[in-house]
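Work through the exercises below with the sequence and the coordinates at hand. Each task is followed by a solution in steps.

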Amino acid sequence: MRIEGKGRIDAAEQIRFSFDGQRYTGFKGDTLASALLANGVRLMGRSFKYHRPRGVLTAGAEEPNALMEVGRGAAKVPNVRATVQEVYAGLEAHSQNRMGPLAYDLLSVNDLFPNFLSAGFYYKTFMWPRAFWERLYEPVIRRAAGLGALSGRHNPDHYEKAFAHCDILVIGSGPTGLMAALTAALGGADVILAEETNEFGGRLLSEDEEIDGQPGADWVGGILAALRETGRVRLMSRTTVTGAYDQGTYGALERVGLHVNGPAELPKECFWRIHARQAVLAAGALERPLAFPMNDRPGIMMASAVRSYLHRYGVVAGRKVTLFATNDDAHRTAVDLMACGIDVAGVVDSRPDAKALGDYPLYAGGEVIGTKGRKALSEITIRHNGAEQKIATDCLGMSGGWNPTLHMTCHMNGRPVWNEEITGFVPAPDAVPGLTPAGACQGTYSTAGCLAEGVEAAKRALTALGGKLPEMEIPQASDAVGGSKPLWLVKGKGRAWLDFANDVTSKDIKLAAQEAFTSVEHMKRYTTQGMAPDQGKNSNIGALAILADATGRAIPETGTTTYRPPYVPVSIAAIGAGAQGQGFAPERFTTSHDASVDRGAPMVPAGLWYRPSYFPRPGETTWRQACDREVTMTRNAVGVCDVSTLGKIDIQGPDAAAFLDFVYTNMFSTLKVGKVRYGLMLREDGHVMDDGTTARLGESHYVMTTTTAAAGEVMKHLDFVQQCHRPDLNVRFISVTEQWAQFSVVGPKSRELLNGLLDAPIDNESFPYMGCGDVSVMGVQGRLFRISFSGEHAYEIAVPARYGDALYRQLVTQAETLGGGAYGMEALNVMRIEKGFITHSEIDGRVTCFDIGMDRMVSAKKMCVGKPAAQREGLKGKHRQQLIGLKPVGAVKELTAGAHLFETDAAPTRVNDLGYVTSVAFSPTLGHFIGLGFLQDGPNRVGDVVKLVDHLRGVETRVEICSPVFIDPEGERLRG
Amino acid sequence: MVRLIAKSPSEGILPFEVNGLTLVELDVGPITSVAPFDGQAVAASDRLRALAGMELPKPNRSSGREGARAVWSGAGQAMVLGVAVDAAMRQHAALTDQSDAWAVFRLEGQGVEDVLARLTPLDLNPGVFKRGHVARSLLGHMSALFLRVSGEAFEIMVFRSMARTAVHEIEVAMKAVAARKALA
């Protein structure tokens, strides 16, 4: 029911929305919960386990009951708190966790058997037969108990992440936060003020309270104007700070576009990482529910929420309101409602000495011991002066006092401290470095106290920053603190809910204690109390008080569970914003990318790079046809391939040669200028790290190439070696991978092709095998290297990247006129396997020089990284699995990489494992499959037949061990 | 004779404008990395001053001006933009041509920091990151170099191969910021 003239909603702007298909009207400024209450909707959901009808409990982010699915299709979001979601035109909300309509949920049958569904029930009942758990019990239980469902599709909505920086972060904008922000800004600090709701002011907007003689909301407006005037305060509304992390970093979730029907570019949410030099926590307090029998019916809500709905939204949740309280605060609810003409049927206060603040029936020393009404509250039963009495009511506001919202102070392992005076936990001092809690979250409940503490906390932060302290006047405000007396459990018939979200009752807690789950952490896991989306914000303290009682311990002795970030649920869409689909990683494109795509090549990822897999031609229906053709074409004529993705590192300095001698196993100081040498480098542990060629361009100038995958790794390694092992060497290096577009030109006609493009032709004398030097190609200065990864007469030609696209197109066009063309990764791989060249399929981090037959490449004349470790026992010898070639025996269709090798008569089990296959290919040159692999004592077993077994793909066949070099073992083609 | 045609890293995808903010590709001319050898930092800097009137910049700073600039780019390393570094400097420092290795963008307009706040963890508040300040950091997942050239303009350098991803990510951020502004 809406109260005219009350609330902060914009009555001029009507908003139409729907809930469970029913159309409703709200106003701008309404939350889904307030708008539904205004429309008389009290049943908003079903409980987790028993499927009991539930209405809204709170008016804030801690809401455990009114969780809904909002949106439709792929963009549907489950578990949205109706108390947080603002209404907008066209909003579609649906109740969740039900079977059939909300009012007639078929699963509410669960509520008839609460004794069977108590804590630990599943563990005890569904143990046997064992296989049934996964196949039957769990799916059924998950269907019956749960929350909202995801759409199962990619959410197309835009979410974003962002960074912010400030001197002082103020978390919360109630009286404490506002004063802290103002003090900090006047002290010269750059401030971020984060407020969870759409409006600044905190509880001042939910109360009828004066500050400095002004209505609270007006005072808030004045402070906001003052904050803006300083020009130092960034006001972030709809922003919940979710976690405190190391070194002043805070996570925060901003609801950017969840309250409007915005354009596609508008992010729904933004996940902020705020770096603050200091922070003030002014998060306030959450009202404590009371555990009395059947306290969960729609219409029963927090007394403070009743006031919030009245003052913020102009809504009352009933026509005949009752209250159940342990403190004076709740009485304000009665006073405020009566001022609006609402009938208050009674205030039940457990304190015998309670005083009425207005003209309403007061039941001092009374308790609510029962409630009635299946889908909404209709009556309560109270016990007062030893007699029971029934009161008709449709809304019961309850208040068991307040719990400081100290969660953030526990995010770095701080444990809260029990404060007997307020019978609540307060933050441990300096629990988070640089974070000062103040106001209600520190246990200071009076408005006057909050205002003063806000100023103090900001001054503390300013002092830490070395700033000046402004003169601040503390505004006049009420110093009432509520006078709450604890009431943990009302005895009576029926269940008393503690954790509404996970359907945990006081009995469950007692059962946990009875079954020896007496530690608060064990109790939590046994009962699931505090494990729902509200993370126990409403129930933790109540539950542990009951646990303390059941175990005969004091509350501080019992302790709390650990509050971890995030403080409120954070959507994965926000945390992972930008990383959906292609946003997952940057895409690196070679200069020939477009030309390859133009030729129809499927592009495959190689690290972050994209490289052409093969170049299909008309009539070719499979990749193998294209690949076989490309291999044959290259071996018989000429092929062109972009090899720019290989890492290229420019190395200069008087000690460049000495540095390379230290990094590589073999010698580079002896390499002549204008020559290239293959090099192998080891990790410090003696295993092979990477290989590649390095060219000597000048006396003190080299360019190293690395494999595509290890380019970053090798760069890091070189930095480490220079800075930590050889700072004595005067050498500099820098990546030039991006500077040069580099193409391999391969095959017997490679020189002919190049000579068509080079400004000065080359021959075998000017460019012998492993020669390198500067060339001019079509007027552009480039570099030419005569190296081969295929066993053919081949070159790599490099030009500055801006010319890459043009040169690649020229090379391919010219190759085609010579009967050749472009080849892709598949053909490249086939050719290197035919030649027995290794890649990271072979040097996978576990193999040594010895294993790949390159032991002799470790120079005896010098020290290098990894050399001593490579000499360790066990890294050489017959027991090692060493590189071998494999070819099929008989009519074998396929060899598979990843298969393991066994003696032909041995069972293919782990203990008989002799080795494994690393690379396979169909060799069009040889006409059959070939493979590379590692076999125990492999080189001495050439000619033997072993069994290849691939358990994953179901392949078992016999293979013959052979040399890993399948073609041209003498290397005649290379030198041609 | 046929000549090879040069292509810029962001050919065909820049420039564009979103709500008053512009992203353009810059041709800054030659880019040379300069890494002075042991004990040669002062000599290299002197040589650069004689050549182009600017010193080698201190960490996180730049020197020179538009058209002839040196930007710090890492420990013991700077990039000289816009002027060809002469061979005489070779005895003092490792010189490496990087002219084609980088895509250089200029992002300009009111609220440029808001766009960059979505892309990099750097604190770019004008009071902290002033004109001429330089930082190596991340742009999304990409390694990048940021230089503030005026109150409302930054130059951003990323690896050439990542130009498309960088442009896409900056564009998404520009549009998101514009959509927010339209909301307010």
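Predicted model: local features only at pLDDT ≥ 70, side-chain atom pairs only at ≥ 80, totals over all residues.

Residues are numbered from 1 along each chain as its sequence is written, while chains are lettered from A and ligands numbered from 1 in the order in which they are written.

**Exercise 1.** Describe how helix 4 and helix 5 of chain A pack.

Step 1. Locate the helices, which are DSSP runs of H or I with at least four residues, numbered from the N terminus (strands: E, at least two). Helix 4 of chain A spans residues 175-186 and helix 5 of chain A spans residues 216-230.

Step 2. List the contacts (C-beta atoms, placed from the backbone, within 7 Å). From helix 4 of chain A, A:Leu178, A:Ala181, A:Leu182, A:Ala185 and A:Leu186 meet A:Val220, A:Ile223, A:Ala226, A:Leu227 and A:Thr230 of helix 5 of chain A.

Step 3. Sort these residues: nine are nonpolar, one is polar and none is charged (Ala, Val, Leu, Ile, Met, Phe, Trp, Tyr, Cys and Pro count as nonpolar, Asp, Glu, Lys and Arg as charged, and the others, Gly among them, as polar).

**Exercise 2.** Which residues join helix 6 to helix 7 of chain A?

Step 1. Helix 6 (residues 303-313) and helix 7 (residues 329-339) of chain A pack at about 30°, with axes 8 Å apart.

Step 2. A:Ala303, A:Val306, A:Arg307 and A:Leu310 of helix 6 meet A:Ala330, A:Arg332, A:Thr333, A:Asp336 and A:Leu337 of helix 7.

Step 3. This contact divides into five nonpolar, one polar and three charged residues.

**Exercise 3.** Characterise the side of chain B that touches chain A.

Step 1. The contact pairs 38 residues of chain B with 40 residues of chain A.

Step 2. Strand 3 (31-36), strand 7 (93-97) and helix 3 (163-183) of chain B each give two or more residues to this side. Helix 3 of chain B has the largest share, seven residues.

Step 3. By class, the side holds 17 nonpolar, ten polar and eleven charged residues.

Terms used:
Axes fitted to C-alpha atoms, helices over the stretch in contact; angles between N-to-C directions. Contact = placed C-beta atoms within 7 Å.
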